[in-house]
Amino acid sequence: MQVSIAQFFQRSDYLMSLPMILLTIFALGILLIDLMLPDDWKWANAATAFVGVLFATAGLIKVQIALGEAHRQMVPAFMNSMVIDRFAIYFWYLFLAGAAVAILMSVHYMDVEREHHGEFYALILFSVVGMMCMASGWDVVLIFIGLELMAISTYVLVGFLRRDRRSNEASLKYLLLGAFSSGIFAYGLSLLYGLAGSTNLVIIRQRLAQQMAAAGDHADPVAVLALLTVATGLLFKIAAVPFHQWAPDAYEGAPTSITGFMSVAVKSAAWAMLLRILLLGLAPLHKIWVPLLVFVSIATMTAANLAALTQNNLKRLLAYSSIAHVGYMLLGLIAFGSANTPSGVDGIRGILIYLLVYTFMNLGAFAVITSLRRRDVIGDEIDDIAGLFFRAPTESVLMLVFLLSLAGIPPLAGFWGKYFIFLSLIETGHYVLASLAVLYAVFGLYYYMRIANAMLMRQALDKEPLKIGGSMAAALGVTALATLLIGIYPEPFIRAVDWSLGLSQHPAIAHLVK
Amino acid sequence: MAPVATPFFFYLLSGLALISGILVITRRNPVHSALALILTLLALAGIYLMLYAPFVAGVQIILYAGGIMVLFLFVIMLVNVGRAEKERQFNKQWLLAIAATVGLGIVFVRVFTSSQTLTELLKRPLAQLPETSNTQQVGFSLYGQYMLAFEIASLLLLVAIVGAVVMAKKRI
């Protein structure tokens with residue numbers, strides 16, 4: 001049989017995957033160049049990785065322009081296994097921003113840990129490639145492979161401090177639980193394939209809808225089983241209660257810059273995957289997953305906020321706080337899934353804005369914690385941040401900004417994330433959930449203020465002034481600027497989110513997704 | 001061609017797979033477990049053949065019964081077999097684990113038997129499968145629909161290798 005390549009692939013496929021290709025090339029380059037670098041030149045790997053991220057951003061801008069010029073909402077690529085739409089582009093920008101800041105944060109820190117190797121940066125870039133597959137996957141096989149690429153890179157990054165027992169333990173725990181959850185997730189995907197006869201999310205959605213219509217609007221038990229197992233995998237990846245136990249341990253043991261990276265980029269990728277699968281593939285089953293998510297989000301907010309109150313380790317505290325933020329974001333999904341009115345779209349908008357502001361404010365907070373690390377100080381206990389104001393006034397003010405933003409205080413970015421989520425809840429009539437969320441936000445204020453209190457009111461246990469390197473200053477500057485800017489002047493960012501939702505999976509425009 | 005996919009062969013092969021599977025977890029000597037595992041894998045390969053999937057069956061034998069088994073045996077040779085034989089084989093939770101497994105099994109059986117969609121799918125006439133070009137079909141879907149996933153899988157393997165070296169080597 002004569003088959004030509006042209007019948008399988010088009011030139012646009014390669015343009016659309018340009019950012020992924022660039023990142024891969026740079027990551028491979030780092031692996032090779034690292035062999036030739038002397039020990040005190042390892043920062044050059046970070047520079048290469050950073051330039052790689054810049055190139056990928058340029059490639060992404062090119063993709064975005066091409067999409068605009070073609071007047072297309074979306075371009076399926078690689079025989080419909082991947083789709084480039086605005087939703088994917090939005091998330092790709094988020095991943096690149098998270099990776100860039102994480103690289104800036106790592107340079108000095110990995111030097112102090114004496115584990116400055118090129119593989120570190122290569123793995124960060126590879127994990128971003130995996131995230132891109134997750135955010136733009138149309139085919140569950142691609143989504144799954146992307147997920148594993150990201151997860152395996154992250155397992156190694158978590159355990160990168162090989163001489164540190166905590167880091168090893170965290171990596172092993174994360175690996176075992178992650179592999180287990182991936183297994184459950186894959187089982188659910190295989191059931192979906194069995195029901196739909198295709199691995200494409202669009203076709204899965206069609207078939208599920210047909211089968212439900214044939215059975216008189218009743219979901220088939222096998223479909224429910226598939227939904228439950230897939231949801232288990234997805235909720236594990238975003239670290240929602242009851243699948244959150246890995247997060248505090250992994251966050252605590254990982255190198256601090258990687259903790260920051262995991263809590264924003266890895267989490268956004270998991271969210272992108274969750275939104276794609278629940279809103280696209282499993283949309284016909286929304287009557288089942290909405291009550292499920294109500295339970296999960298209440299449990300998540302309760303457990304995480306209560307556990308965060310008593311933490312003395314900064315990384316563990318921020319781990320619980322990041323779990324709590326997942327609880328708030330799930331509320332947005334509930335508002336969208338339970339409402340058949342267009343007002344529900346505010347929920348999804350809230351999630352996307354939340355992920356954007358969360359990327360910057362959380363990375364900023366982790367950047368401050370990363371800078372506390374010195375040769376003889378681990379610097380991740382609350383005691384270590386005590387009296388920071390007297391040692392490094394600028395940094396402590398920035399930390400205060402990040403903490404207030406995380407708590408959702410008005411003039412800062414974090415407010416807008418919570419605002420849209422709560423607004424969507426009230427618009428769709430979930431008054432009880434909205435008031436619960438506000439109550440828990442007050443809890444959040446308490447534990448964030450505990451850090452601020454230690455920082456501003458207590459005496460410094462250790463008087464040595466902090467040394468901030470150039471790259472760390474850049475990381476702090478970018479995150480603080482973004483947190484303030486989004487907070488004070490949110491319109492362009494909200495417009496960017498609306499642009500990215502121009503297609504998305506809103507039912508009113510779902511017919512575009514053939 | 002006379003059908004080989006008779007119920008007799010199905011029950012024979014699945015019985016073989018089940019019995020040897022149980023042997024894998026109950027034998028004290030890890031070498032015996034590994035040998036029983038080979039039998040399980042071969043029985044599964046037979047079931048794949050009955051499903052007219054010769055390529056998958058071949059891969060199953062070459063990769064699993066061949067390559068991965070050799071790896072297992074290497075690992076077994078590296079660990080101390082004598083001490084492993086004296087260790088407790090199951091931890092204290094085994095009763096609870098059996099109860100949970102049986103409960104989950106009942107749920108699964110009930111779900112699969114009560115599903116209308118599934119019974120309808122099973123009633124459908126089977127599509128005529130091309131018997132000869134199975135491998136070709138696998139190739140087409142691997143390099144067609146799943147090409148990107150296939151390429152990304154190569155990155156996945158690279159990351160796994162780099163990760164293993166980073167974690168295991170004292171000096172990089």
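Biologist: Is Arg316(A) buried or partly exposed?

Modeller: Arg316(A) is buried, at 19% relative accessibility. The cut-off for buried is under 20%. Keep in mind that this is a predicted model.

Biologist: Which residue forms a salt bridge with Arg316(A)?

Modeller: Asp249(A) does, with the closest N and O atoms 3.2 Å apart. Asp249(A) sits in helix 10 of chain A and Arg316(A) in helix 13, residues 314–338, so the pair ties together parts that are 67 residues apart in sequence. Asp249(A) itself is partly exposed, at 21%.

Biologist: And what does Glu252(A) pair with?

Modeller: Arg166(A), in a salt bridge at 3.0 Å, N to O. Glu252(A) belongs to helix 10, residues 246–253, while Arg166(A) belongs to helix 7, residues 165–196, so this pair ties together parts 86 residues apart in sequence. Glu252(A) is buried, with a relative accessible area of 16%. Arg166(A) is partly exposed at 26%.

Biologist: Which residues are linked in the salt-bridge network?

Modeller: Arg166(A), Glu169(A), Lys173(A), Asp249(A), Glu252(A), Arg316(A) and Asp380(A).

Biologist: How many salt bridges over all chains?

Modeller: The count is 14.

Biologist: Switching to chain B. How many helices and strands?

Modeller: Eight helices and zero strands. Along the sequence the pattern reads α-α-α-α-α-α-α-α.

Biologist: What is the radius of gyration of chain B?

Modeller: It is 21 Å, whereas a compact globule of 172 residues would have one near 16 Å. The C-alpha trace spans about 55 × 45 × 30 Å along its principal axes.

Biologist: How much of chain B is buried?

Modeller: Buried residues make up 23% of its 172 residues. The accessible surface of chain B is about 12300 Å², and carbon and sulfur atoms account for 73% of that.

Biologist: What share of the chain B contacts join residues at least 24 apart?

Modeller: 59%, taken among contacts between residues at least 6 apart in sequence.

Biologist: Last one. How many positive and negative charges in chain B, and how far apart are their mean positions?

Modeller: There are 12 positive and 5 negative charges. Their mean positions lie 16 Å apart.

How values were computed: Residues are numbered from 1 along each chain as its sequence is written. Chains are lettered from A and ligands numbered from 1 in the order in which they are written. This is a predicted model: local features need pLDDT of at least 70, side-chain atom pairs count only at pLDDT 80 or more; totals for chains, interfaces and linings use all residues. Side-chain values use heavy atoms; hydrogens and water are left out. Helices (H or I, at least four residues) and strands (E, at least two) are DSSP runs, numbered from the N terminus. The radius of gyration is taken over C-alpha atoms; the globule rule is 2.2 Å times the number of residues to the power 0.38. Buried means under 20% relative accessible area, exposed over 50%, partly exposed in between (1.4 Å probe, protein chains only). Contact means heavy atoms within 4.5 Å. Accessible areas come from the Shrake-Rupley method with a 1.4 Å probe; for residues, only the protein chains shown count as cover. Lys and Arg count as positive and Asp and Glu as negative; His and the chain ends are not counted. The place of a charge is taken as NZ of Lys, CZ of Arg, CG of Asp or CD of Glu. A salt bridge is a side-chain nitrogen of Lys or Arg within 4 Å of a carboxyl oxygen of Asp or Glu.
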